[in-house]
Amino acid sequence: MSKEDPYSDTQLTALGLERATLPGHVAIIMDGNGRWAQNRGLPRIEGHRRGVTSVRCIVEEASRLGLKQLTLYAFSSENWKRPPRELTLLMHLLRQYLVEERREIQRQGLRFRVIGTISGLDPMIQEEIKKTETMSAENDGMTLCLAVNYGARQEITEAVRRIVSGVLQGQLQPEAITEQTIADHLTTAGMPDPDLVIRTASEFRVSNFLLWQISYAELWVSEKYWPEFREEDFRTAMRDYRKRDRRFGGLNPGNPGTK
Ligand code: IPE
Ligand code: IPE
Ligand code: MG
């Protein structure tokens, strides 16, 4: 058995996990790159660089655990407020990741997707995104989704525009608009909602990430900065998720006092 093989049930048990109680979709707000670097007297971009190593480790771990989807918040629509130099380096790292990661994506059989306003990115990056998405479209492993130039309010606004335009053209009756209609017009159409949202670097906020989709997601915050967040931290989050009691507004029949 090679180190990248999916975990067997026995291995999962040894890790304190079980297949039935693993989340299907985990979404991560990868935060703290800058602080990690600054604490070491390094430029912020070193934190972003080291963050790519964490991305590689967590993608592989999520895939070995057999998750259906891993969504990583890589760049928000608000991150354009950063200094030009940091933006240039971030975009350079993104492009490099898209190119260098193709082999790994294919080797692990991942389906690669990007959500966010792709048209707002450098055309060369748009090209690399398309290439990686097309190349991996037929793979049947975990979906690896990168949120780039992503903002949930923008996503919802765009969905409303398109729905209204459908109504004005007579293709849709206002009464026929359901929650599913809205979900179908988001960039995440067809993807499952996240079961668990992880945020690193001790920040307890969602920063415009998947606002519609996380309405019933479990939240888990790590004290670790993203560049130091590794497989064991991810498994700790999975073990904690295992103990959560998801009620979706109802009552859990197994709980005392339900009757
Ligand atoms: C997360 O790390 C990466 C991006 C938002 C691109 P930060 O760059 O936000 O790091 P901190 O929060 O300043 O430490
Ligand atoms: C959220 O991190 C966005 C990403 C991780 C890409 P930020 O560092 O941009 O969030 P705020 O500004 O602290 O809310
Ligand atoms: Mg931050």
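A polar contact is a pair of N or O atoms within 3.5 Å. In this predicted model, an oxygen atom of ligand 2 meets that cut-off with the side chain of Arg-82, where the distance to an N or O atom is 3.3 Å. Ligand 1 sits in the largest pocket, and the space taken by ligand 2 is likewise described as the largest pocket. The points below take each ligand in turn.

- The residues around ligand 1 include the run Met-30, Asp-31, Gly-32, Asn-33, Gly-34 and Arg-35.
- Arg-44, His-48, Ala-74, Asn-79 and Arg-82 also belong to the residues around ligand 1.
- By class, this shell holds 2 nonpolar, 5 polar and 4 charged residues.

**Ligand 1: polar contacts and cover**

- The side chain of Asp-31 places an N or O atom 2.8 Å from an oxygen atom of ligand 1.
- A polar backbone atom of Arg-35 is 2.8 Å from an oxygen atom of ligand 1.
- Arg-44 contributes through its side chain, a polar atom of which lies 2.8 Å from an oxygen atom of the ligand.
- On its own, ligand 1 has 380 Å² of accessible area, of which the protein covers 87%.

**Ligand 1: contributing elements**

- Two or more residues of the shell around ligand 1 come from each of α2 (33-39) and α3 (44-65).
- The largest share of that shell, 3 residues, is supplied by α2.

**Ligand 2: surroundings**

- Ligand 2 is surrounded by residues that include Ile-29, Met-30 and Asp-31, together with Tyr-73, Ala-74, Phe-75 and Ser-76.
- Asn-79, Arg-82, Arg-199, Arg-205 and Ser-207 are also among the residues that surround ligand 2.
- Strand β2 (residues 69-76) gives the largest share of this shell, 4 residues.
- The shell around ligand 2 comprises 5 nonpolar, 3 polar and 4 charged residues.

- An N or O atom in the side chain of Asn-79 is 2.9 Å from an oxygen atom of ligand 2.
- The side chain of Arg-199 has an N or O atom 3.3 Å from an oxygen atom of ligand 2.
- The protein covers 77% of the 390 Å² of accessible area that ligand 2 has on its own.

**Residues listed for both ligands**

How values were computed:
Residues are numbered from 1 along each chain as its sequence is written. Chains are lettered from A and ligands numbered from 1 in the order in which they are written. This is a predicted model: local features need pLDDT of at least 70, side-chain atom pairs count only at pLDDT 80 or more; totals for chains, interfaces and linings use all residues. Side-chain values use heavy atoms; hydrogens and water are left out. A residue is near a molecule or strand if one of its heavy atoms lies within 4 Å of it. A polar contact is a pair of N or O atoms within 3.5 Å; within protein, one must be able to donate a hydrogen and the other to accept it, and residues adjacent in sequence count only if both atoms are side-chain atoms. Accessible areas come from the Shrake-Rupley method with a 1.4 Å probe; for residues, only the protein chains shown count as cover. On a 1 Å grid over the protein atoms alone, a cavity is a set of points where a 1.4 Å probe fits but cannot get out, and a pocket is an open set with protein on both sides within 12 Å along at least five of seven lines; lining residues have an atom within 4 Å of a point. A molecule sits in a cavity or pocket if more than half of its atoms lie within 2 Å of its grid points. Ala, Val, Leu, Ile, Met, Phe, Trp, Tyr, Cys and Pro count as nonpolar, Asp, Glu, Lys and Arg as charged, and the others, Gly among them, as polar.
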